[in-house]
Amino acid sequence: MAAALAAAVAAAVGALLLAPGRTQSGGYAPAAGPPPPLKMDQALLLVRDELPAQGLRLAARSAACHRCSYQLLAVVPPSDGGPGAAAAVVDTQHPLSLLLNGSGAGSELCKIQYHFGEFGNYSLVVKTLSTSAKTVSCDVVINEAPINSYLPILFAFLVYSGILAILIICRLVMKIGPVRNWVYKKLNPRETDRLINSELGSPSTTDSINSDPSPRLWSVTSRQRLRSLDTFRGLSLVIMVFVNYGGGKYWFFKHESWNGLTVADLVFPWFVFIMGTSISLSLSSMLRWGSSKRKVLGKILWRSFLLILLGVIVVNPNYCLGALSWENLRIPGVLQRLGLTYLVVAALELVFSRADADSGILETSCPALQDILPFWPQWIFILMLEVIWLCLTFLLPVPGCPRGYLGPGGIGDFGNYPNCTGGAAGYIDRLVLGEKHMYQHPSCNVLYQTTVPYDPEGILGTINTILMAFLGLQAGKILLSYRDQHKQIMRRFFIWSVVMGIISAILTKCSKEEGFIPVNKNLWSTSYVTTTSCFAFVLLLLMYYLVDVKRLWSGTPFFYPGQ
């Protein structure tokens with residue numbers, strides 16, 4: 001019964017493909033009926049079997065899916081008297097490897113790699129080239145051309161580039177004296193009256209004060225704040241809002257499925273980095289103004305408690321399991337991790353802080369390391385935490401999984417470890433928190449078809465989040481130790497970025513998948529921290545130079561949300 005139904009469906013699709021209502025290009029004519037509905041990042045693939053009396057099995061594997069097994073995409077049963085056909089919806093975000101086998105003998109007929117375009121209509125024609133040699137050809141034919149899904153990005157880039165060019169031109173034109181005076185006259189009628197009165201006599205004091213077109217007091221006051229740090233924070237927040245609202249559904253504006261790095265994966269570590277820098281500056285300021293350590297510790301505890309409470313109760317319920325309840329409450333989360341990280345790093349800085357360590361006058365045996373050597377207890381503590389992360393990640397035995405496993409599970413690693421998502425990190429969370437109190441749909445769920453919950457803000461990854469914040473704390477120590485020494489500050493930022501980049505290159509072997517510790521946001525791997533901190537030091541260096549040193553850029557518009 002099922003075979004007869006499948007044959008009938010195949011015959012109907014084949015008749016549809018050969019119907020007179022078909023257009024010459026192979027697209028659907030109105031008389032042939034609409035094609036299967038397509039969603040974003042999808043295309044239609046029609047498999048046409050012209051082999052005599054042989055069915056086909058089409059399997060596919062995404063190029064982004066590392067060491068994944070092929071997944072069945074379509075079955076074309078053999079048909080009598082004409083070619084068989086089947087339709088399948090394929091993903092367009094990444095290139096696909098297509099594997100075509102004969103359904104009878106199970107032999108591999110052909111293997112091709114193709115990158116389909118969004119909303120495109122394609123045909124995979126399978127036919128015999130030589131009957132004697134039994135040579136089979138598999139050709140992809142474009143029936144209807146796909147759309148260019150990158151045009152919106154290009155259009156937005158051109159629009160913002162045009163606006164930026166206009167602003168730069170206007171700023172240059174305003175430096176011309178006659179033009180600037182004419183603009184001031186048009187925008188400020190009182191200025192015109194003042195100029196007329198100045199030709200007739202002395203202007204009044206009130207007019208002189210009120211008509212000042214460029215009050216200097218505001219600009220001097222605003223420069224007291226480190227604008228580059230606020231600008232960096234604002235940039236992170238803007239990107240965070242953009243990617244949280246979908247980012248146009250482009251894959252590079254979404255979190256990477258497992259190993260690798262996208263734009264969305266930069267936001268959280270950058271924000272943690274800036275939080276560490278702010279901790280250094282704010283604690284130094286509070287202690288310098290006479291606040292006791294006990295009072296500051298109370299503020300740290302209260303702020304951490306509020307962040308964790310907001311994350312657990314208000315912001316981040318486990319909505320995928322229904323209404324908010326203690327049975328299904330997601331315990332980890334972004335705010336929870338920020339709260340714990342802030343608590344550890346701020347308390348560590350408070351306990352080991354010294355009044356003369358951040359004033360730039362502390363004498364050390366090595367002046368080149370005056371931002372590191374005075375804080376050696378903190379470094380020992382952080383290195384001990386990192387050793388704990390390495391030992392748990394690579395030495396903890398996980399039932400049913402290889403020791404030191406860092407893969408996504410599911411169909412990854414050819415489906416050998418389907419329930420090992422995240423290795424030790426996932427195992428610790430499931431053991432301590434319970435599966436219902438974890439994130440139910442991690443980013444690896446769709447591509448790697450994982451079935452077990454995995455939380456990217458879990459327990460083990462918090463250790464490396466603390467490391468990221470501590471590196472940001474180090475940036476703050478550089479700003480304090482070399483106060484007003486712009487060249488020294490920028491040189492230190494550059495050195496730290498190079499060091500972090502070298503460590504990342506060693507850990508990853510400059511490879512996405514084959515390194516000792518790949519870059520992985522879900523695991524918050526060590527290489528992920530060193531890579532994103534390398535970018536953070538570079539960005540902070542550029543913004544510090546442009547905004548605070550040369551003042552070529554005010555930091556707008558990112559300065560305002562960052563502030």
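Start with the nonpolar surface patch: select Trp302, Phe305, Leu306, Leu309, Leu310, Ile313, Val314, Val315 and Trp326. Together these residues have about 910 Å² of accessible area. Bear in mind throughout that the model is predicted.

**The four-stranded sheet**

Now select strands E3, E2, E5 and E6. In that order they make up an open sheet with antiparallel pairing. Strand E3 (71–76) and strand E6 (108–114) are the edge strands, each pairing on one side only. From one strand to the next, the twist averages 20°.

Zoom in on strand E2, residues 56–62, and its neighbour E3: five bridges join the two, which run antiparallel. Which residue in E3 is the bridge partner of Arg57? Show Val75 to see that partner.

Stay in strand E3 and select Ala74. Is Ala74 buried or exposed? Its relative accessibility is 7%, so Ala74 counts as buried, under the 20% cut-off. Draw a C-alpha to C-alpha distance from Ala74 to Ala85: the two are eleven residues apart in sequence and 9.7 Å apart in space.

Next go to the loop between E2 and E3 and select Cys68. Cys68 counts as buried, at 1% relative accessibility. Cys68 and Leu447 are 379 residues apart in sequence, yet their C-alpha atoms are 9.5 Å apart in space.

Select strand E8, residues 135–144, and find Asn143 in it. Asn143 is buried, with a relative accessible area of 9%. Show side chains for Asn143 and Ser123; they make a polar contact at 2.7 Å.

**Salt bridges**

Side chains of opposite charge can pair when their charged atoms come close. How many salt bridges are counted in this model? The count comes to seven.

Begin with Glu50 and Arg48, whose side chains meet in a salt bridge at 3.1 Å, N to O. Glu50 counts as partly exposed, at 35% relative accessibility. Arg48 is also partly exposed, with a relative accessible area of 25%.

Move to helix H7, residues 227–244, and select Asp230 and Arg233. Their side chains form a salt bridge, with N and O 2.7 Å apart. Because Asp230 and Arg233 are three residues apart in this helix, about one helical turn separates them. Both Asp230 and Arg233 are buried.

Then select Lys477 and Glu349, a salt bridge in which the closest N and O atoms are 2.7 Å apart. This pair links distant parts of the chain: Lys477 sits in helix H14 (residues 461–481) and Glu349 in helix H10 (residues 334–351), 128 residues apart. Lys477 is buried, and so is Glu349.

Finish this part by selecting Arg330, Asp455, Glu457 and Lys521 together. Salt bridges with shared partners join these four residues into one network.

Most residues other than glycine have a negative phi, and most peptide bonds are trans.

Go to the loop between helix H15 (486–508) and H16, and select Lys509. Lys509 is partly exposed, with a relative accessible area of 47%.

In the loop between H15 and H16, also select Cys510. Is Cys510 buried or exposed? With a relative accessible area of 69%, Cys510 is exposed.

Last, follow helix H16 (526–549) to the loop between H16 and helix H17 (559–562), where Pro557 lies.

Conventions:
Residues numbered from 1 in each chain as written. Predicted model: local features only at pLDDT ≥ 70, side-chain atom pairs only at ≥ 80, totals over all residues. Heavy atoms only, no water. Pairing = 2+ DSSP bridges. Axes fitted to C-alpha atoms, helices over the stretch in contact; angles between N-to-C directions. Patch = residues over 30% accessible without salt bridge, like charges linked within 9 Å, V, L, I, M, F, W, Y side chains within 5 Å. Areas by Shrake-Rupley, 256 points an atom, 1.4 Å probe, with all protein chains shown as cover. Buried < 20%, exposed > 50% of the residue type's maximum accessible area, 1.4 Å probe, protein only. Polar contact = N/O pair within 3.5 Å; in protein donor to acceptor, adjacent residues only side chain to side chain.
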